[in-house]
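Please read the following notes with the structure open beside them.

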Amino acid sequence: MGSFGTNVSSTISFTLTGFPEMEGLQHWLAALLLLLYAISILGNILILFIIKEEQSLHQPMYYFLSLLSVNDLGVSFSTLPTVLAALCFHIPETAFDACLTQMFFIHFFSWTESGILLAMSFDRYVAICNPLHYSSVLTDIRVAHMGISIIIHSFCMVFPLPFLLKRLPFCKANVLTHSYCLHPDLIRLPCGDTTINNMYGLFIVISAFGVDSVLILISYVLILSSVLAIASQEERLKTLNTCVSHICAVLIFYVPMVGVSMVHRFQKHAPEYVHKFTSLVYLFVPPMLNPIIYSIKTKEIRKRLYKMFLKTKL
């Protein structure tokens, strides 16, 4: 059965679904998604450029922000080809291997983003709870090791997913709910036993997202207890203000991600537009909002942007 599935899988294709229920608004939807892509790509490239050029931003916090921006670009470029093909050029078909490759990269960047947000929470914890040891704890070498560890960990977690799917026979109508390939969507289609796939999918969700979110929560409990020990209310607010951007980034990543997971696992019979909307928010909103949030809340980035716009006008 496994070899049969592999042979068939190499020749089949998937049909990516746009929003047929919004047939009269397809052009507007495509324009909206392209606008979101443009904001996300331009915003994250600007963040990377500013951090590279601004010497004062060559610090651990901004190294992690650079990694977050690279990751958000990866998320955008992972979904872009099939979204353009399905919604703009009306080419909904995608090959099996191409679909698995896209699925791998989408989930790889999602897992990586979770790890980066955890590293950023550790950075805030050290900066606020142990400020005197900040430079000795978060050295450039250690930051580089943390970044490499996050990438390797994410790769190892996601790597088995395409092979676990490839061993299964696909003999149903291979129509996907979205205009890109996601594991929860693909796992509905095989004819064979998907118990191993479901168990592994649940395992990596709990061991990655679950553990990361708990550790982020613990770091903020420790940060809050440290901040409350500060006598001056003005100093408390000033200290907490350094965490606002990261807290927003955590919320806009984890809230949609939990929504997607809950809908796929517990609302399987919900209307298709609910599944589509939650996944769109999950994949499009964080890459678009992260650079905006950090541009607004980070004084040095804001100043550099202001200088750049002044030069453009002159």
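Is Asp 97 buried, partly exposed or exposed? Asp 97 is partly exposed, with a relative accessible area of 39%, where buried means under 20%, exposed over 50% and partly exposed in between (1.4 Å probe, protein chains only).

1. This is a predicted model, in which local features need pLDDT of at least 70 and side-chain atom pairs count only at pLDDT 80 or more, while totals for chains, interfaces and linings use all residues. Residues are numbered from 1 along each chain as its sequence is written, and side-chain values use heavy atoms, with hydrogens and water left out.

2. The structure holds five salt bridges, each a side-chain nitrogen of Lys or Arg within 4 Å of a carboxyl oxygen of Asp or Glu. In one of them the side chains of Lys 166 and Asp 97 meet at 2.7 Å, N to O, and this pair links distant parts of the chain, 69 residues apart. Lys 166 is partly exposed as well, with a relative accessible area of 22%.

3. A salt bridge of 2.8 Å, N to O, joins the side chains of Arg 124 and Asp 123. Arg 124 counts as buried at 8% relative accessibility, and Asp 123 counts as buried at 1%.

4. Glu 113 is buried yet has no salt bridge, and the nearest side chain of opposite charge, that of Arg 124, is 16 Å away (Lys and Arg count as positive, Asp and Glu as negative; His and the chain ends are not counted). Not counting residues up to four places away in sequence, Glu 113 touches residues including Leu 68, Phe 253 and Pro 286, contact meaning heavy atoms within 4.5 Å.

How values were computed. Helix = DSSP H or I, 4+ residues; strand = E, 2+ residues; numbered from the N terminus.
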